[in-house]
Each structure stands twice: as C-alpha cells, then as structure tokens.
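Subject: Structure for your review

Dear colleague,

Please find below the structure that I am handing over to you. I would be grateful if you read the notes under it with the structure open beside you.

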Amino acid sequence: MAEINIYHLYPEHLNLYGDRGNIIALCRRAGWHGLPFNLVPVHPGDRIDFTRCDLLFMGGGQDYEQKMVAGDLKERRGELLDAVEKGMVLLAICGSYQLLGHYYTTSQGERIPGLGILDLYTEAGRKRMIGNIVTRSTLWDPPRTLAGFENHAGRTYLGSSVKPLGEVIYGHGNNGEDKTEGAVYNNVIGTYLHGALLPKNPWLTDYLLQKAVAYRNQQFAFKTLDESMELQAHRAAVQLTRSPWHKLRSSRF
Amino acid sequence: MPHAETVAGRDSGKSRSLKHLGGVWVGKTIAGLTRITGRGGTTLPGRTALKFAPDILSYLGRQLAHGSLVVTGTNGKTTTAHLLTGILREAGYLCVHNQSGSNLSWGVVSSLISASTWGASLPANIGVMEVDEGAFPFVAGELQPRGAVVTNIYRDQLDRFGEIDYIQKKIKSGLDALPAESFQVLNADDPSLAGLPGDRSGTTWYYGLELELPPDRFQNTARDIKSCPRCHHRLHYDRVYFAHLGHYRCPRCDFSRPEPDVVLVDRSVREDGQTVLKLRLQGDPLELAYPLLGTYNLYNALAAVTCARALNVPLEAITAALAAATPSFGRMERFTMEGRTLVMALVKNPVGANEVLRTLMERRGQIHLLIAINDKIADGTDISWLWDVDFEQLASSGERLAPVVVSGQRAWDMAVRLKYAGIDPGSIITAENSRQAILRALELTPPGEILFIMPTYTAMFDLRRTLNAMGVGRPYWEGSANG
C-alpha cells in the first residue's frame, strides 16, 4: 500500500494570505482518494528528514520570517538539492518561491543570495502587483487554467533551465512583462498564486499527490472525485476577471 | 455640563471662509442626492468636500470645544467608538460620531458634514471618530485630537495594505501626528502596540485582561505576531486570550507586557443572566453590568472605559452607559423576521470571524448559518483569509449544524472552504442573490430559533437592503442602535 509524507515548513511563520489552505487541500484530497499520508509540521530549529519527505510545502512569509527560513535552509542546501534532483515534490509560494532562486535584489540594490535550487532571480519593483490572476498551464495536455490571487513587489525572471508554470491570461505574473507565471523544475513548482491556490485548482493538488507517490516508485490507483464545487469556484474566479468592470474595480489600489 | 475643561485654543469657527461653507454645501447636497437614489453614500460627499476645501476636517474639528477622540485598530474600533460615545453622552457631552463604519478619511469628513448645519457649524462639543488604520495619520494630523485609542493590530485586508508591518508603521505615524499634550490609550495585551509609544511626550494609558478564560481552541491559527518587536526572538506567552493577545514577554531582551492602568479581573454571570465585569482602575475596584457577548467585546469595553477615565468622566456615567450598551452596526445586531431572530455579525478577517464562530458555538442547540462573501474593495479583494478561519470547528459540531447557506460574489469559494473544512457538500447551499439566500435560510430555520448571518462589509449592505425591502430593519444610513 502506498503512503506519502507531507512536510509543512514553519506552519506558524510561513502562512501569509491563507497559504495553509494548500495543506488542507492536500490532506483532504489524499483522504478522499484513500491515500494514506503523514503530515509533518516543521518548526524553526527542526531538521527536515529528506530521506522521508515526499512532498515539501513552503508558504509565503513576511520579510523577517522569510530571512529566518533562508538561514535555516542554507545549511541544508546540499540535501535539498539532492532530493529535488531525485524527484522530491516541492511547492513554494510567493516569498518561498523567490527564495528558491539565485538571488533577490532589494530596492536599495542589496543582493540577498537565495538557495539556487531554481534557475531564476528576483528584483524588487516599486509598485506591488496585486489582484486576481488566471494562467494557462501546460503541465497538462490539453493545458488547464490556474486561478488565484497575487500580491508581490518582486519581479522574477526565469533562466533557461526552468519552465514557466503558466502563461498569464489575466494579471501580472512573474514580472508583469513576459507573460510567464511561476516556475517548474523536475517536481518543484514555484508560484506567486495565493487564493489559497490548491483548493480552487484541484487538478494541481492531484498532480502533486501523484508525483509524490511516484517519487519513491509506489503504485496507487487515484479515484475520480466529484469536484463540481471546486470547478464552480474556479469558473467563478475566471469569470470575474472577464468582467469589464473588473480591471477598473481592482486598479484602484 | 461636561466635567472636562475646554481645550485651549479651540475657537467656535470664527475663521469660517466661503471655501468651508462651500465644502459643507457640496457635501450635504451630494449626500442628499445619494440618499434620494436609495444608496446612502458615505464616500462621495466627503471626497468631494475634501477637494473643495482640503482643510475642512481641521476646520470642523476646531469647532468642538472639548476636542475629539480618535479610535483605530484592526478589530473592535466600531464597538469601542460606539461605547465611548454612549459614555460621553451619558456624561452630558454633545457628541458627534461617525456611524455605519464609514472610517476612511472621506467617510470621517462625510459624517462631520452631515452632522453640521448648512451654516457649517457643528451642534456638538466633542467628537468620537472611528478611523481606519490607513487613514489614521491623515485624520490625526488634521483633527489634532485630544486622545487616540488603538485597539489591536491583526491581519486584515492585506491586499490593500501589503503586509502587517505596514499597518504598524501607519499606526506609529498616526500616533506621532498627535498633538504633544494628547493622550493615547493602548491595548497592553497586544505586543505589536506595546512597543509603539516610543518617546512621545503625551500620556500613555494601557488596558488589559487579567482573568481566567476557557482556553482558546483557535489559538494556533491566525496569530500574526509571535516574535519580539525589538529583537525578533520568539515571544513567550504565559496566557493567550485570543490570536496574539495575552500575557507575553521576550525571553531574550527586556520587552514585556506593560503594566495596565485599567484591568479586567473577573467576569461573572448574575442570576438574571446579566454579565458583570470587575475592573481595577489604577488600583480602585469598579463593578459594572455589561450585556455584550464575546471576549473581543471585553477588550472593547476596557478600551472605552480607559479612554473615558483619561477624560476624567465620572464613574456613574461609565457604568450607566455600559449597562445600556447595544451592539453597534452589524456587530451581533439583532432583527426579528417571521418569528425567527436574525443576528448579523460582520466578518472581515480571520480573528474576527473565529471569534464570531466561537460565540455562536458556545450556544446550545442547532446552528443556523448564512455566510455571504463579497470581494469588493471595502471587503478586501483578496478572499484568501477564508482559509485562515477555523471553519473546521463548525464541521466538528456534527448534527448540531443545520445546512449552511452561502451567497455573495465569492459564494463558491466559500462553499469550497466549507467542503474542505469537512462539511458534507450536500449540506452546503449556494444561493444566487441576497433575497434567495435570506428566503432559503429562513426556510431552514424553525420559528423561535436564531439565524446567524456572517457577511463581509458590502455583502452586509446587500443583505440589509434586501431585508429593508422585506420590511425588516431600518435603512442602513440611519445607523443602528442610538442613531
């Protein structure tokens, strides 16, 4: 029987904008599929057991909390990179997504080194990019949409060894210029989407669970779940951005 | 007449100019027009008046012989301002107060204009202004209040403000904009406020809880501040009341909860069902009856009492006003409809929503619930905070929970939230509009029972309009309770 270990990094510190909704979604759907799982919260000072972790989740944090994570993970960079190369699943949102890149340049021009797991870098921008966002992702064939909410000042630029998670249909995305959103490398997904991201995009939740099962060559038959409610919420979020009033309404702040 | 001395330097509007008169006229006219169209606008009149006379706020404020008080903070400012107004009126003041939560800078202007005569004079001698954190520096600078009350800082509308550190900076710059001789009233139990006074010259009054409460089941979520504001070390809590409010100290530096001037030491329920609070005001005991429910309302009472004490209001006025306190606009406000009681409890952030859930789950019997979520600017365009609310608690009440009706622009997001909280999707009913939501929820609530309504800000206005059309409640621009 298959079983997966989900590690939740700093549940108390990395939880901006309802990111814990992603953990709720992973656990609920694993349960509905009948897939046994262990949820392991990782607190500052705890050591992640990379020999056991199948799926690591890192939510967004405020500046100070993000720095704390950077400090803790820097020492474990080798092990993390090793696991990522072998196919460990990692979902990183917003500040944690930026942290996985090469560096972050602050508005004062200071360059803060990242973990260098993903081939990308981020520069501080003057205006925060805030609002509903819809992207089209080729993780699936045919492509599927992802809907969420972005709120970031950093502009992220992708290098050649990562692929964007999606193409921006509505919103700003990585940098507001090149229409890319997020990044994918092996089974690592970095993204700016809050919302929370996973509940309204259940196909991404299942994608992560499937990859986590496959990571240690386990076999498991996933069920077809009734996701009509999730689909309605997804459609409503997409529909909202199509309204002619939407841009006007959301451009005020 | 009032017991506080008249603030020196306040004139009664001698320097009135055509500009101020014009500002008031424009504002009053627009307010009248929006009322005729059935939408009691609280934004446009003030906005236009500010364009016309940018110093209109300071001009109107100068007319208040006893000055004004400003109440800000994430949660509880409406109720605190409402309680304070009640106390001041009881003490004989003529109090002007912005109602119906119009607390952005133009909302404050709108309400002063609507209270003013066409001759641009205010028939009042003291002002109590509820002010949004973002508008606090502007209003404090313009109004030059005698005192400011800050209730707490939580995660709220982050889409608008960016991050919580930013809110803290706004509060700090608002306090810095206060006149040198003014006082500030702060919640001692909130570590994000305790460090704020810095080197301000005015007097600081602290209030806090020192009583035993049942442990907070929700305490592991939605806690924003856990690290020391000075050295960033994780704070140690001897007691947590809710969210990050409690008795804290930093194990590394000397930062700790300040000794409060006004303390709540006991809460008990009398035989007639009335709640009695035991306070210590700078060491002296005070007992008072207080009808509002919920831990957060204990903090609101303390904030209002502390501010009243800073103003030297007699104790009799304080006890009389608190005993007669009624819920303010949309804060557990009650209506009656077809034999059912409707309780309207505005929700806007996880901490507030968790407190509402806690209060309704403490009751016995069936839980009937209508949740309405909008994502307009006044609601906060980011609805991700729904995932920080412990709706899981609702799911755990099992049989007690009747089917939940959800409505609003983001009804489906709310439905998904409930499904993932563990509520059977068959017991989640999505309604297309306010009218259907109310009718469906009434159908599911047997006569004699209570229907709890948890709307976001603009969803509450939609529901009230619908309820008004059904003959329930008063038009919302008339405010509530003592309006």
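The notes that follow describe what was found, beginning with chain B as a whole.

Please keep in mind that this is a predicted model. Chain B contains 16 helices and 17 strands. It has 483 residues, of which 54% count as buried. If one takes the contacts in chain B between residues at least 6 apart in sequence, 74% of them join residues at least 24 apart.

The next point concerns the nonpolar cores. The largest one has 115 residues, and B:Ala345, B:Ala415 and B:Ile453 are those with the most contacts inside it. Helix α14 of chain B (residues 411–420) gives this core its largest share, namely seven residues. Another core, of 88 residues, lies apart from it; B:Leu84, B:Leu175, B:Leu186 and B:Val262 are among its members.

Which residues does B:Ala345 touch, leaving aside its neighbours within four places in sequence? They are B:Arg331, B:Met332, B:Val356, B:Phe452, B:Ile453 and B:Met454.

Finally, I would draw your attention to helix α6 of chain B, which spans residues 136–143 and is mostly covered, with seven of its eight residues buried. The buried residues include B:Phe136, B:Pro137, B:Phe138 and B:Val139, and B:Ala140, B:Glu142 and B:Leu143 are buried as well. Just after this helix, B:Gln144 adopts a positive phi of about 45°.

Yours sincerely,
A colleague

Terms used: Residues numbered from 1 in each chain as written. Chains lettered and ligands numbered in written order. Predicted model: local features only at pLDDT ≥ 70, side-chain atom pairs only at ≥ 80, totals over all residues. Core = buried A, V, L, I, M, F, W, Y, C linked by C-beta atoms within 7 Å. Buried ≥ 20, exposed ≤ 12 C-beta atoms within 10 Å, placed from the backbone. Helix = DSSP H or I, 4+ residues; strand = E, 2+ residues; numbered from the N terminus. Contact = placed C-beta atoms within 7 Å.
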